[in-house]
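Hi,

Here is the structure I said I would pass on.

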Amino acid sequence: MTPLLRLDRYGVTYPGQAEPAVAGISLALRPGEKLAVIGESGSGKSTLALAIAGLLPPRSRTGGRLDWPALGAPARPGADFGIVFQDPGASLNPVLRIGEQVAEAAQRHLGLGWAGAGRHAADLLARLRIPEPEAAMRAYPHQFSGGQRQRIAIAAAIAARPRLLIADEATSALDMIVQAEIVALLDRLVADEGMALLFVTHDIALAARLADRIAVMHRARLVELAPTADLLASPSADYTRHLLGTHIDLGAPPRLAARPA
Amino acid sequence: MNAARRFLRSPEGVAGAAVLALLALLALAAPLLFPGDPLAIAGPPLVAPFADPALPLGTDRLGRDVLAGLVHGARASLFVGIAAALVAVAIGSVVGTLAGFAGGLVDEALMRVVDAFQIVPGFLLALAFVSVVQASLPVVVLAIALGAWTGPARLARAEVLSIRERDYVASARILGMHPLEIALREILPNALPPVLALSAVIVAGAVLTEAALSFLGMGDPNIVTWGSMIAEGRAVLRSAPHLSIVPGLALVATVIGVYLFGEGLAELLSRRERRA
Amino acid sequence: MTAPLLEVREVSKRYAGGGRGVVALDAVSFALAPGETLGLVGPSGSGKSTLARVVTRLLDPDGGGIRFAGADWLALRGRELRRRRRLMQMVFQDPLGAFNPRASVFSAIADPLRIHALAPRARWRAEAAALLARVHLPPSLLERGIHEISGGQRQRVALARALACQPSLIVLDEAVSALDMSIRGQILDLLVELQAEEGLSYLFVSHDLAVVKAVAHRIAVMEAGRIVEEGPAAAVIATPQSAMARALVAAVPRLEHRTVPMRKP
């Protein structure tokens with residue numbers, strides 16, 4: 001099967017920096033696959049997402065190859081891929097109504113008229129469980145909670161039915177309950193639409209919940225890339241073992257000192 | 001210092017600084033280069049520029065040396081520009097910080113005062129003030145500052161309002177810091193940089209306002225300024241246009257220099273914020 | 001049984017304006033004993049951050065009372081309040097935002113020493129170095145600017161600054177949420193270590209139940225401005241009674257197929 005996205009020894013160095021932010025990355029993303037990229041701050045995982053979305057600052061130096069074999073042409077933002085960012089407050093234009101922002105990509109890339117794009121947008125909002133989608137279309141971002149804004153941002157990103165959705169720490173700014181809802185939503189959405197998902201996160205358990213394969217990044221390099229179950233059962237890289245060992249979930253023993261009387 | 005090095009990386013800032021440095025040098029060296037009163041008669045009237053090597057830019061209607069006037073005029077323009085900006089920023093920062101920090105009625109009252117000053121166009125305010133009080137350089141400085149202080153005031157207030165909500169101010173309160181110390185150590189130093197960046201624009205405006213006041217004959221009559229030179233040249237604009245154009249070009253160069261310097265300053269300040 | 005260090009009784013807070021008139025806190029009551037860690041959990045909007053701010057008197061409540069260290073906490077004003085603030089410190093979520101951008105590590109830690117006259121000027125440097133050592137940071141960090149060190153280091157400096165006050169209680173408002181996973185564990189270990197050494201109490205606010213479980217003796221679950229469940233940490237997590245507690249437990253992502261054993265980092 002032709003990969004949707006392929007990177008071959010790909011690297012990025014930001015302007016004015018000596019050290020690369022990302023180096024020697026080789027991976028292939030299959031259509032409909034869910035790939036999680038995990039790493040700590042400074043690992044380069046966000047840089048990778050931005051590079052794939054074509055959002056690197058000008059004068060950045062890149063090396064290696066990044067192409068989209070299944071598309072046969074360079075990827076068009078909105079039409080071929082959508083991206084959701086970490087801060088739900090900053091992704092939406094505060095002075096435009098929700099309906100406009102969600103419908104925009106559909107109108108531009110699917111060739112729908114305003115009415116058609118509007119119906120499509122309302123439909124998306126309903127699928128993303130925004131209450132009263134018709135009324136929501138006319139509302140402004142500040143009238144929604146953080147979790148709702150993130151759902152709206154996701155709706156806007158997938159409005160033109162792209163082949164790939166990139167989520168760059170899309171749940172990191174949300175509380176646990178909303179995070180779990182959004183992840184479940186993404187899981188279903190991606191399956192329904194047949195989209196591929198590139199999910200960047202620092203939480204390995206979250207990645208494991210969602211992804212078919214996990215890519216582990218450490219200091220700009222890809223240290224391990226394996227199917228989820230294999231990675232969790234027998235990680236090959238030391239760093240992966242380190243991440244697994246230091247993860248705190250409800251199974252971790254408490255660190256408490258004995259309670260003073 | 002780190003800041004100086006970063007400033008040097010901005011080409012606009014460097015260009016602006018160079019222009020301003022040159023002007024400052026000329027202004028300071030004026031009595032050395034052209035000793036004596038620039039308003040004294042130096043030669044026959046309306047000598048063309050480059051005709052007489054002793055009078056490189058010629059003379060005006062009364063026979064005064066144009067180049068001497070130009071260089072001496074730089075002193076007035078730069079002095080007024082910088083002094084007016086300093087006064088405006090000082091008054092504005094204090095009022096704005098007070099309003100932002102105190103809040104409530106004090107804030108409301110001070111902002112209405114700011115509104116009142118802002119409604120009247122700055123130039124008219126300066127003109128009115130100078131007509132009432134006898135014109136001299138310090139009076140011109142004050143007149144211009146009266147119109148220009150409202151910008152820094154609003155900016156300082158906005159900065160203080162935003163900084164008040166930051167975690168480090170809350171942290172200072174929790175540590176038990178005295179409110180006065182919080183205002184002076186935590187808030188004010190962090191509120192000033194955008195106001196300082198604005199001051200470059202104020203200098204440019206002040207230079208132009210001073211020239212306009214002098215042009216209308218409302219400036220200090222005892223010194224030569226570029227504005228008064230332009231006014232003098234008005235009568236012979238068709239036969240000797242250089243008398244007005246040359247000081248005009250000097251104004252343009254000064255204002256451009258100030259703007260470029262301000263750009264460099266803004267670059268410097270914004271880069272620091274992005275890093276932190 | 002010792003008297004509680006902190007007693008919060010029927011505290012309420014309401015936000016007016018914006019057409020919303022939100023009830024942020026609705027008659028909230030709880031107590032905290034010396035040397036104890038109370039975990040305050042809940043989703044965003046539950047009021048836990050507002051409660052933290054009311055307890056630290058960054059906000060004043062509309063109703064209710066608070067007793068802290070044997071005194072009526074809400075009645076204190078001016079100089080007396082500033083003096084007693086020493087005993088209740090706070091560590092914030094954003095390690096960078098919690099410091100004056102112009103601060104150095106030394107100036108940040110020396111501030112409380114100066115404000116509360118806890119050491120003569122000549123001894124500030126030595127005291128600051130000693131405080132850094134207690135949070136496992138080298139004294140060479142004293143000269144660095146706050147923005148020059150890593151997030152984990154910054155949070156340790158924030159702890160050192162809090163410790164400089166010799167407090168009885170530290171409020172931690174999502175203090176590890178912005179840190180990398182592996183660093184989180186280190187900071188939590190440090191908190192427990194300091195508690196054992198000093199007998200500190202912690203009010204640990206977080207939306208992440210797993211992190212709270214790692215350090216809390218008791219847990220209080222908040223929803224819409226009220227405490228809906230309270231009890232020993234292990235019990236609340238093993239057998240949650242309220243719907244919110246159940247939702248919080250279910251929301252923690254679990255590492256299945258864990259074969260790599262949990263090691264003490």
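Some housekeeping: residues are numbered from 1 along each chain as its sequence is written, and chains are lettered from A and ligands numbered from 1 in the order in which they are written. Keep in mind that this is a predicted model, where local features need pLDDT of at least 70, side-chain atom pairs count only at pLDDT 80 or more, and totals for chains, interfaces and linings use all residues.

**The open sheet in chain A**

Helices (H or I, at least four residues) and strands (E, at least two) are DSSP runs, numbered from the N terminus. Three strands of chain A form an open sheet in the order 2-1-4, with antiparallel pairing; strands pair if DSSP finds at least two bridges between them. Strand 2 (22–29) and strand 4 (61–67) are the edges, each with a single partner strand, so one side of each has no neighbour in the sheet. On average, neighbouring strands here are turned by 10 degrees against each other, direction ignored.

Strand 1 (residues 5–13) of chain A runs antiparallel to strand 2 of chain A, and five bridges join them. One to look up is A:Val12, whose bridge partner in strand 2 is A:Val22. Lying across strands 1, 2 and 4 of chain A is helix 1 (residues 45–52), which runs at about 60 degrees to strand 2. Angles like this run from 0 to 180 degrees between N-to-C directions, and axes are lines fitted to C-alpha atoms, for helices over the stretch in contact.

**Strand 6 of chain A**

Five of the five residues of strand 6 (residues 164–168) are buried, so the rest of the structure largely encloses this strand. (Buried means 20 or more other C-beta atoms within 10 Å of the residue's own, with C-beta atoms placed from the backbone.) A:Leu164, A:Ile166 and A:Asp168 point one way, and A:Leu165 and A:Ala167 the other.

Strand 6 pairs in the parallel sense with strand 5 (residues 81–84) of chain A over four bridges, and A:Leu165 is the bridge partner of A:Gly82. Strand 6 also pairs in the parallel sense with strand 7 (residues 196–201) of chain A, over five bridges, where A:Ala167 has A:Phe199 as its bridge partner.

**Two helices side by side in chain A**

The axes of helix 6 (residues 146–158) and helix 7 (residues 176–193) of chain A come within 11 Å and cross at roughly 15 degrees. That makes the two helices roughly parallel (angles under 35 degrees count as such). Helix 6 of chain A contributes A:Gly147, A:Gln150, A:Arg151 and A:Ile158 to the contact, and helix 7 of chain A contributes A:Val178, A:Glu181, A:Ile182 and A:Glu193. Contact here means C-beta atoms, placed from the backbone, within 7 Å.

**Where chains B and C meet**

Here 16 residues of chain B are in contact with 22 residues of chain C. On the chain B side, helix 8 (167–175) and helix 9 (179–215) each supply at least two residues, and helix 8 gives the most, with seven.

Over in chain C, eight of the eleven residues of helix 3 (residues 105–115) are buried, so helix 3 is largely enclosed by the rest of the structure. Its buried residues pack against helix 8 of chain B, together with helix 4 (124–134) and helix 5 (151–164) of chain C. After helix 3 of chain C comes C:Ala117, with a positive phi near 50 degrees.

Cheers

Terms used: Angles under 35 degrees count as roughly parallel, over 145 as roughly antiparallel, 65 to 115 as roughly perpendicular and the rest as oblique. Two residues are in contact if their C-beta atoms, placed from the backbone, lie within 7 Å. A residue is buried if 20 or more other C-beta atoms lie within 10 Å of its own, exposed if 12 or fewer, and partly exposed in between; C-beta atoms are placed from the backbone.
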